[in-house]
Amino acid sequence: MRSPHAVSPSRWRAPLLLALLLGALLVPAAAAPPPVRTQFDHLTTGFELLGQHRDLPCEACHVNAIFKGTPTACAACHGIGTQIRATSKPADHIMSTDQCDACHTPIAWKPSVNFDHTQTRGSCSTCHNGTQAQGKPPNHILTNLECDACHNTMTWTGAVFTHAGVKSGCAACHDGVHGDGLAANHFPISASGVSPVPCEACHSTTEFTTWAVATMNHPAAKALSCALCHETAAYIGMHPSTNTKAGDSRPNATLDAIHPKTGDCGTCHTTTSFLAGEIKPANHIPTSAPCAQCHTTPGNYALYSVTGTHQGVTGCLSCHGPTVGPFINVTMVTSPGNHFPIGTLDCNGSGCHSTANLNPGGFRLGTPNINAPTLGIPGHATIGGAGDVGGCQTCHQSAQYLGMITGTDTTAGDSRPTATLDAIHPKTGDCGTCHTTTSFLAGEIKPANHIPTSAPCAQC
């Protein structure tokens with residue numbers, strides 16, 4: 001029989017279970033164990049994880065947990081539109097193939113530790129434009145050729161310039177700044193007022209290794225005086241004379257005591273050899289000008305420049321006088337037999353002729369004209385002052401000279417009019433007593449209070 005104070009087992013079991021549950025909730029939960037990583041050696045796949053690839057989660061490359069068939073080429077991941085969204089080439093990347101590892105490493109894109117020109121696309125200037133890659137420096141020669149026409153892909157230095165097609169204008173590059181210029185001991189190629197002799201006049205544009213292969217072109221330098229180089233011959237390729245041996249310079253007194261100490265070499269020598277001097281023949285026109293001023297074809301002295309012949313000439317009669325010549329190789333125009341008297345006056349001093357008149361016909365005058373005579377006022381004044389030229393009537397008595405118009409019985413000319421044309425005209429006396437030198441048709445009588453003189457008007 002159960003005591004009245006006894007408790008039923010079913011009544012104490014429920015509180016016990018509740019206490020156990022509460023106790024379990026109050027006990028701290030233990031820390032969760034870390035996920036187990038498989039120690040997988042990726043090298044066994046044939047693709048070793050290096051650099052940035054080592055820190056990527058597997059799913060960054062193995063999409064959808066598919067391992068087999070994952071690409072190993074850079075462009076398969078680092079390209080636009082690939083399934084694996086890896087960094088691709090930026091818009092300003094140089095034109096190239098998709099072989100990233102030819103220049104970059106897995107460590108980082110920048111800097112690019114290698115550069116393989118075989119992976120580039122386009123011309124050199126596509127990259128070497130001064131922005132994406134080093135371009136031409138300020139002192140680069142002027143050219144529109146591509147870089148690889150002269151340079152190789154290993155280095156800029158040691159360029160080999162191709163002169164193909166270059167025929168002139170060497171000095172545009174070979175100025176000592178953009179390219180090799182004149183050597184310090186190069187002979188002068190220019191003088192004051194004379195255009196420089198171009199490089200290609202002596203040097204070949206097909207000889208690319210040295211300037212030394214050159215042939216002296218004397219005709220190209222004919223505007224320069226011989227003495228500019230041959231006075232001392234202190235220039236490259238020249239041999240100065242010594243006390244015992246002649247060279248390219250003016251010989252000294254020990255070697256040739258009678259050699260002229262001054263003057264241009266071309267007066268006596270040719271441009272082919274200084275050892276074979278050529279003295280002008282006795283019937284050469286009188287001149288001290290260098291040969292090259294007139295003779296433009298070496299060895300052929302029958303050819304000459306008319307302009308050069310008259311260059312620097314101040315007197316005409318030494319060649320064109322009636323008592324000089326004939327001269328070798330020159331057909332000289334002298335005073336014709338019907339030229340009016342000029343006494344000792346020179347042709348260009350009379351006011352008629354000029355050394356600048358080199359037209360066909362030479363110094364000859366134009367069509368006679370009494371209203372606009374070729375011999376103008378200054379010329380008449382010169383003629384009037386000549387010592388052995390008489391008064392006006394010397395020429396105008398009969399006007400039988402070249403360029404003058406003789407008066408007739410009906411028309412006045414440059415001569416004293418006939419009695420038929422002008423019965424009251426004086427038969428004698430100097431024309432200048434009444435006429436001016438501007439026109440014989442307009443006579444001028446001396447006024448009554450003129451100083452007493454019988455001299456012709458043109459004298460004063």
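Modeller: What follows goes from the whole chain to single residues. Keep in mind that this is a predicted model.

Biologist: How many helices and how many strands are there in the chain?

Modeller: The chain holds 9 helices and 0 strands. Read from the N terminus, the elements run α-α-α-α-α-α-α-α-α.

Biologist: What share of the chain counts as buried?

Modeller: A residue is called buried when its relative accessible area is under 20%. Of the 460 residues here, 20% count as buried. The accessible surface of the chain comes to about 31400 Å², and carbon and sulfur atoms account for 60% of that surface.

Biologist: And the contacts between residues that are apart in sequence?

Modeller: Take the contacts between residues at least 6 apart in sequence: 42% of them join residues at least 24 apart.

Biologist: Now a single helix. Which residues of H8 are buried?

Modeller: First the general idea. An α-helix has 3.6 residues a turn, so residues three or four places apart point the same way. In helix H8, residues 377–384, the buried residues are Gly-379, His-380 and Ile-383. Because they cover an arc of only 100° around the axis, they lie on the same side of H8.

Biologist: What covers the buried residues of H8?

Modeller: The cover includes helix H9, residues 393–396.

Biologist: Let us turn to the loops. Where does Thr-97 lie, and between which helices?

Modeller: Thr-97 is in the loop between helix H2 (74–77) and helix H3 (124–127). To read such a residue, set aside its neighbours within four places in sequence and list what remains: for Thr-97, the contacts are Lys-89, Gln-119 and Arg-121. With Gln-119 there is a polar contact from side chain to side chain, at 2.5 Å. A polar atom of the Thr-97 side chain also lies 3.4 Å from the backbone nitrogen of Gln-99.

Biologist: What is Asp-98 in contact with, leaving aside its neighbours within four places in sequence?

Modeller: Asp-98, in the loop between H2 and H3, is in contact with Ala-75 and Lys-89. Ala-75 is 23 residues from Asp-98 in sequence, yet their C-alpha atoms are 5.5 Å apart in space. The contact with Lys-89 includes a polar one between the two side chains, at 3.4 Å.

Biologist: Which residues have a positive phi without being glycine?

Modeller: Among them are Ala-233, with phi of about 55°, and Asn-329, with phi near 65°. Ala-233 sits in the loop between helix H4 (227–230) and helix H5 (291–294), whereas Asn-329 is in the loop between H7 and H8.

Biologist: Why does Ala-233 count as buried, and why does Asn-329 count as partly exposed?

Modeller: Ala-233 counts as buried because its relative accessibility is 1%. Asn-329 has 40% relative accessibility and therefore counts as partly exposed.

Notes:
Residues numbered from 1 in each chain as written. Predicted model: local features only at pLDDT ≥ 70, side-chain atom pairs only at ≥ 80, totals over all residues. Heavy atoms only, no water. Buried < 20%, exposed > 50% of the residue type's maximum accessible area, 1.4 Å probe, protein only. Helix = DSSP H or I, 4+ residues; strand = E, 2+ residues; numbered from the N terminus. Arc of directions from axis to C-beta. Contact = heavy atoms within 4.5 Å. Areas by Shrake-Rupley, 256 points an atom, 1.4 Å probe, with all protein chains shown as cover. Polar contact = N/O pair within 3.5 Å; in protein donor to acceptor, adjacent residues only side chain to side chain.
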